[in-house]
Amino acid sequence: MQVSETVDFSHEDRKSIYEYIEDSDDPVAAGDVRESLRLDPGGFRHHVAILKRDGLVTEVGNELRATFEGSDETDEEQFDAGGLTFTIRPAIETDRSGLVGVIRQVAGGKTYTVAESVADIIDHEETVVQQSPVRSRMFFVATVNDEVVGWIHLESPELEKLSHTAELTLGVLEEYQGHGIGGHLLDRGLDWADEKGYEKLYNSIPSTNEEAVEFFEAHGGEVEAVRENHYTYDGEYIDEVMLALEP
């Protein structure tokens with residue numbers, strides 16, 4: 001099966017560009033792709049930039065080749081705990097629907113407000129992972145039989161004064177808890193943050209999500225602040241607990 005059959009492209013021209021490149025066994029000149037598809041230069045470069053950012057295309061010189069970054073087995077870690085085998089790896093674009101579904105299921109059951117907003121964002125943006133001078137977002141997923149069952153998300157703010165910090169969310173489907181998946185996800189996220197030079201990570205959780213607060217405290221997190229009556233659920237005011245971790 002071709003990769004283009006598994007990826008949900010948000011623009012037909014982008015899909016056409018990728019399929020043209022994917023169908024070639026050898027790198028193809030960017031100009032040849034644009035002329036063959038009769039696309040305007042500005043739109044073509046925009047779509048190629050997104051394909052490159054998504055890890056679907058690499059460009060060397062003026063030649064394009066279809067790739068699928070993030071699926072390299074060297075980026076995968078496999079674990080076996082309590083008879084359950086699971087994999088921790090960077091998220092790729094084909095994880096989008098599974099990732100959104102898992103986040104919403106976990107967030108809906110635990111009133112994890114920040115995670116809910118993350119699910120809304122990636123459900124509508126063009127790429128899951130973003131790396132740019134002003135914004136950095138990374139997801140790692142836990143999978144069982146290639147199905148997403150958990151995630152860790154890290155995102156740095158756009159403000160230069162806060163560039164040494166990042167916000168994180170993390171969750172595992174209830175039926176897969178108790179196997180150490182959350183701890184392995186957190187370790188992977190902390191390693192990534194350390195490599196990127198982040199000095200402090202934050203996670204904001206409603207105080208009613210006691211299990212999540214206990215999890216982060218057990219893994220080195222410290223409560224730095226409590227914002228009283230920060231959320232309202234079913235007419236009740238709930239505090240927000242802000243936990244900090246150092247990579």
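Is N229 buried, partly exposed or exposed? N229 is partly exposed, with a relative accessible area of 46%; here buried means under 20%, exposed over 50% and partly exposed in between (1.4 Å probe, protein chains only). These views come from a predicted model, in which local features need pLDDT of at least 70 and side-chain atom pairs count only at pLDDT 80 or more, while totals for chains, interfaces and linings use all residues. Residues are numbered from 1 along each chain as its sequence is written, and side-chain values use heavy atoms, with hydrogens and water left out.

View 1. N229 has a phi of about 55°, a positive value although the residue is not a glycine. N229 sits in strand β11 (residues 222–233); helices (H or I, at least four residues) and strands (E, at least two) are DSSP runs, numbered from the N terminus. R38, also not a glycine, has a positive phi near 55°. R38 belongs to the loop between α2 (30–37) and α3 (41–53) and is exposed, at a relative accessible area of 78%.

**View 2. The buried face of helix α1.** In α1 (residues 12–22), the buried residues are R14, I17, Y18, I21 and E22. Looking down the axis of α1, these buried residues fall within an arc of 130°, so they line one face of the helix; the arc is that of the directions from the helix axis to the C-beta atoms. D23 lies in the loop between α1 and β1 (28–29) and is exposed, with a relative accessible area of 52%.

**View 3. The salt bridge of R188 and E77.** The two side chains meet in a salt bridge at 3.3 Å, N to O; the term stands for a side-chain nitrogen of Lys or Arg within 4 Å of a carboxyl oxygen of Asp or Glu. R188 lies in helix α6 and E77 in strand β4 (residues 77–81), so the pair ties together parts that are 111 residues apart in sequence. R188 is buried at 14% relative accessible area, whereas E77 is partly exposed at 35%.

**View 4. The salt bridge of D95 and R89.** The closest N and O atoms of D95 and R89 are 2.7 Å apart. D95 counts as buried at 6% relative accessibility, and R89 counts as buried at 10%.

**View 5. The salt bridge of E224 and K200.** Between E224 and K200, the closest N and O atoms are 3.0 Å apart. This pair links distant parts of the chain, E224 in strand β11 and K200 in strand β10 (residues 200–206), 24 residues apart.
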